[in-house]
Amino acid sequence: QVQLVESGGGSVQAGGSLRLSCVVSVRTYIPSCMGWFRQAPGNGREGVAIIYTESERTSYADSVKGRFTISHDSATNTAYLQMNSLRAEDTAMYYCAASYSDYCITGPAFSEMAFNIWGQGTLVTVSS
């Protein structure tokens, strides 16, 4: 069974950087898409960034464009989220997700329905 293992969360001052990692447990089973979502206290979960692994095309939420970068290393089947210029409002639990369905490509961006495997989450805290 495929699992996702996240790491890289922590506490940082506003303006700082963090890099989140998400390893897919079956190295050779490449998802169609990988995404990062986040949930702040009292809020619903929202999509942050998606990468379509075959084309390496990416999509970002408006709130993180120009600050966050998603990537995927096919050799290790690991997704990364490089987060720069962090703000207090980026504080949240960050979840990695993988989709083995074409729906992640053909459906609406950041549709959670397209992602069938989720990580356990890693906490990011940004202090101002």
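Student: What should I know about the numbering and the limits of the model?

Tutor: Residues are numbered from 1 along each chain as its sequence is written, and side-chain values use heavy atoms, with hydrogens and water left out. Because the model is predicted, local features need pLDDT of at least 70 and side-chain atom pairs count only at pLDDT 80 or more, while totals for chains, interfaces and linings use all residues.

Student: How many aromatic pairs does a search of the whole structure find?

Tutor: A pair of aromatic rings is described by the distance of the centres and the angle of the planes. Rings of Phe, Tyr and Trp (its six-membered ring) pair if their centres lie within 6.5 Å, with planes under 30 degrees apart called stacked, over 60 edge-to-face and the rest tilted. The search finds four pairs, among them F37 and W118, which are tilted at 4.9 Å centre to centre with 55 degrees between the planes.

Student: Which strands hold F37 and W118?

Tutor: Strands are DSSP runs (E, at least two residues), numbered from the N terminus. F37 lies in β4 (residues 33-39) and W118 in β10 (residues 117-118), so the pair ties together parts that are 81 residues apart in sequence. Ring pairs also link F37, F115 and W118 into a cluster.

Student: Which residue lies over the face of W118?

Tutor: A charge sits over a ring if NZ of Lys or CZ of Arg is within 6 Å of the ring centre and within 35 degrees of the ring normal. R45 lies over the face of W118, 3.9 Å from the ring centre, and the charged end of R57 sits over the ring of Y52, 4.2 Å from its centre.

Definitions and conventions: Helix = DSSP H or I, 4+ residues; strand = E, 2+ residues; numbered from the N terminus.
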